[in-house]
Amino acid sequence: MEVLKTKDLVIGYKGKGILPPINVALNEGNLIALIGPNGAGKSTLFKTLTANIQPVSGNIELLGKELSSYSPKEKASLIGLVLTERPDDIFLKVYDVVASGRCPYTNFFGRIEKEDEVIIIESLEIVGVKHLINRYFDTLSDGEKQKVMIAKTIAQNTPIIFMDEPTAFIDYPSKIELFSLMKMLTKKRKKTIIFSSHDLELLLRYTDDIWIISKNRELISGKKDDLIKDGIINEYFNLKEEDIKI
């Protein structure tokens, strides 16, 4: 099932596009890596697809409707976003951070009901950080913080999740855990996940679909194996064949 589609989408700022028109589609259960050099427009694309900034032109359809036609609360129940930024309130506990993912579903007073409690605990268990539930978020390691932010997004229960550099600032074992978790969420829970990353070796091992972005060039999308076979991965990253490990 197609969950998100763009038609002649131009992204940029102040009415000026930074890339040629983008025509891509996200399907249910896809795990997609967005790769490319710094400054190519990856963050701008994410912000546009998640309605944080307006497109210069073109259309974005979310579940068959124009993205702009959804209310903020509706969008919050459909699109999850994991950023590299972290809450800086030193008094927030892990439970509080994950519970904030339930905001689109709570009443006017933001009261957490029993059903929300179940989802919060389940989200912590899925990510493997339930034992941290009463820890202050500020005391966690970078890897633990990243897992808690993902638990928050799982609690938000959106069909689509965007992750901007989710493996930044975490060690190699934590990166493997994170990639395995993303793979599980797409295969078992049918989440659609698109993430940006510079960890080429790991994303080639775990993902099936790749979007390649580069300054002033058309976005290329396709199956990992096809992009490698056609030499496109090599061209964009100046790799030798022996450097590509899958």
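1. In this predicted model, helix H5 (residues 142-156) and helix H6 (residues 172-188) have axes that come within 10 Å and cross at roughly 10°. Because angles under 35 degrees count as roughly parallel, H5 and H6 are therefore described as roughly parallel to each other.

2. The contact between these helices involves Gly143, Gln146, Lys147, Ile150 and Ile154 on the H5 side, which meet Ser174, Glu177, Leu178, Leu181 and Leu185 on the H6 side. Sorted by class, this contact of H5 with H6 has five nonpolar, three polar and two charged residues.

3. Turning to the pockets, the largest pocket has a volume of about 160 Å³. Its lining is made up of Thr48, Ala51, Ile53, Gln54, Pro55, Gly58, Asn59, Ile60, Glu66, Leu67, Ser68 and Lys75.

4. Which strand gives the largest share of the lining of the largest pocket? That share, three residues, comes from strand S6 (residues 57-62). By class, the lining of the largest pocket has five nonpolar, five polar and two charged residues.

5. As for the protein overall, nine helices and twelve strands are found in the model, and the C-alpha trace spans about 50 × 45 × 30 Å along its principal axes. A compact globule with 246 residues would have a radius of gyration near 18 Å, and the protein has 18 Å, so the value agrees with that expectation.

Definitions and conventions
Residues are numbered from 1 along each chain as its sequence is written. This is a predicted model: local features need pLDDT of at least 70, side-chain atom pairs count only at pLDDT 80 or more; totals for chains, interfaces and linings use all residues. Side-chain values use heavy atoms; hydrogens and water are left out. Axes are lines fitted to C-alpha atoms, for helices over the stretch in contact, and angles run from 0 to 180 degrees between N-to-C directions. Helices (H or I, at least four residues) and strands (E, at least two) are DSSP runs, numbered from the N terminus. Angles under 35 degrees count as roughly parallel, over 145 as roughly antiparallel, 65 to 115 as roughly perpendicular and the rest as oblique. Contact means heavy atoms within 4.5 Å. Ala, Val, Leu, Ile, Met, Phe, Trp, Tyr, Cys and Pro count as nonpolar, Asp, Glu, Lys and Arg as charged, and the others, Gly among them, as polar. On a 1 Å grid over the protein atoms alone, a cavity is a set of points where a 1.4 Å probe fits but cannot get out, and a pocket is an open set with protein on both sides within 12 Å along at least five of seven lines; lining residues have an atom within 4 Å of a point. Grid points are joined across faces, edges and corners, and a volume is the space filled by probe spheres set on the points. The radius of gyration is taken over C-alpha atoms; the globule rule is 2.2 Å times the number of residues to the power 0.38.
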